[in-house]
Amino acid sequence: MPDITLTNVTKNYAGHGHAAVSDLNLTIAHGEFMCLLGPSGCGKTTTLRMIAGLEHLSGGEIAIGERVVDSLSAGTFLPPEQRRLGLVFQSYALWPHMTVERNIDFGLRLRKIPEAERRAKVNDVMEKLRIRDYAARYPSQLSGGQQQRVALARMLAVNPEILLLDEPLSNLDATLRLEMRAELRRLHEEFRTTIVFVTHDQWEAMTLATTIAVMNGGRLQQVGAPDDIYSRPVNRFVAEFIGNPPINMISLDAQSVLGGLAARLFGKLPLGGTSKVASVGIRPEEIAFSATVGAVPLGTLKLESIMPTGGSWILELSLGAERLFHATHTRPTARPGDVVDCFAKAEGLHLFDADGQRIELTEIRAQNAAQPIGQGRPALLPA
Ligand SMILES: Nc1ncnc2c1ncn2[C@@H]1O[C@H](COP(=O)(O)OP(=O)(O)OP(=O)(O)O)[C@@H](O)[C@H]1O
Ligand SMILES: [Mg+2]
């Protein structure tokens, strides 16, 4: 199976102020389950449509394997049907005059597959996607979620080399979504099909992807394994977009009590220029109520409320007007109104400069180590 390579890909829609996609460089390796993740309007669908050949590039180049499929400068454009892709879009178009079974069979007929083989294949995907009971119905007689599964079945039936999926599970209820995710993962592992999956749901991306590409405002922010993206976000946008409940972000400005505290922790560090820490992010699960080795004290905070989420709890903590959220799988013993000493694991701190770019803790430690003890070197970040 071929890699998909996007080189300096740009898309400007006529009459649209800024570029929908800007200077995008991305390689989707064969066999990868790549999720394009980002907020509404960030250019996910546009990117997918350009890969599919449903949208022309305004600049740059897309290659599938060795074959350049779209390049303005080379004057190349391969139409969608020659790109050997399977597509399911946000708005999935089923043939209204064909039954579910015929809809799924359609692509196989086009490929002139023998009838017995076709029937077996259609039955197999209907079984897998649990739509067998609706085989004889027409799309208008199905719910949105059922239609979505038929669209997926129709595409899986033809075993495409590359699957492009644009929010294909958006109309399903929570249970079905989870089941379909598991099914997609299983199909991916079984067939090793390259999948490009568009979603604005970070949880969906985290559970499905082998690699996530985070986009914002038409620009690629970070590409990496789900764990990388979560534990080493390259900038504030990624840190804040990924994670539920979201990361606690403390600005190190004088007006903020928490920030003032954090400034005392970091402000004296001999850092200059762009590597100066301007904000600190703490994941809700990285907050602790007891000091462990390397823990950074955050202060004594008041427990405002406890929100049970079924097997886990979200605790709202306050210091003056500021709020921190803590997430835990341990049933809380403290009650609203109690005050608690809070700590954050040093490894769980995410540091960002004034431009929102990540600063590595190791970078701070190296500079920290160069500074003799007693000259403003805080003991809180052990070297
Ligand atoms: N045909 C079009 N003509 C003009 N502008 C468009 C067109 N399609 C998309 N856009 C604009 O391009 C930008 C990116 O749109 P796109 O559909 O790729 O976003 P998206 O990330 O898929 O968002 P969503 O999560 O809401 O589906 C948006 O600002 C959108 O308004
Ligand atoms: Mg979209």
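This briefing walks through a helix, a set of paired strands and a ligand site. The model is predicted, so keep that in mind as you look around. Helix α4 covers residues 144–157, strand β19 covers residues 349–352, and ligand 1 has 13 residues around it.

**Helix α4**
- With its 14 residues, α4 reaches 20 Å from its first C-alpha to its last, close to the 20 Å expected at 1.5 Å a residue.
- Because 13 of its 14 residues are buried, α4 is largely enclosed by the rest of the structure.
- After the helix comes N159, which has a positive phi, near 45°.

**Strand β19 and its partners**
- In a regular strand, side chains alternate between the two faces of the sheet.
- Here L349 and L351 point one way from β19, while H350 and F352 point the other way, and all are buried.
- β19 runs antiparallel to strand β13 (residues 279–282), and four bridges join the two; one pairs G281 with H350.
- Strand β20 (residues 358–359) is also antiparallel to β19, joined by two bridges, and L351 has I359 as its bridge partner.
- Five residues separate β19 and β20 in their hairpin, and G356 in the turn has a positive phi of about 85°.

**Around ligand 1**
- S40, G41, K44, T45 and T46 come nearest of the 13 residues around the ligand.
- The shell is made up of four nonpolar, seven polar and two charged residues.
- Oxygen atoms of ligand 1 lie 3.0 Å from a polar backbone atom of G43, 2.8 Å from a polar side-chain atom of K44, and 2.5 Å from an N or O atom in the side chain of T46.
- Taken alone, ligand 1 exposes 640 Å², and the protein buries 65% of that.

Note on methods:
Residues are numbered from 1 along each chain as its sequence is written. Chains are lettered from A and ligands numbered from 1 in the order in which they are written. This is a predicted model: local features need pLDDT of at least 70, side-chain atom pairs count only at pLDDT 80 or more; totals for chains, interfaces and linings use all residues. Side-chain values use heavy atoms; hydrogens and water are left out. The expected span of a helix is 1.5 Å times one less than its number of residues. Buried means under 20% relative accessible area, exposed over 50%, partly exposed in between (1.4 Å probe, protein chains only). Two strands pair if DSSP finds at least two bridges between them. A residue is near a molecule or strand if one of its heavy atoms lies within 4 Å of it. A polar contact is a pair of N or O atoms within 3.5 Å; within protein, one must be able to donate a hydrogen and the other to accept it, and residues adjacent in sequence count only if both atoms are side-chain atoms. Accessible areas come from the Shrake-Rupley method with a 1.4 Å probe; for residues, only the protein chains shown count as cover. Ala, Val, Leu, Ile, Met, Phe, Trp, Tyr, Cys and Pro count as nonpolar, Asp, Glu, Lys and Arg as charged, and the others, Gly among them, as polar.
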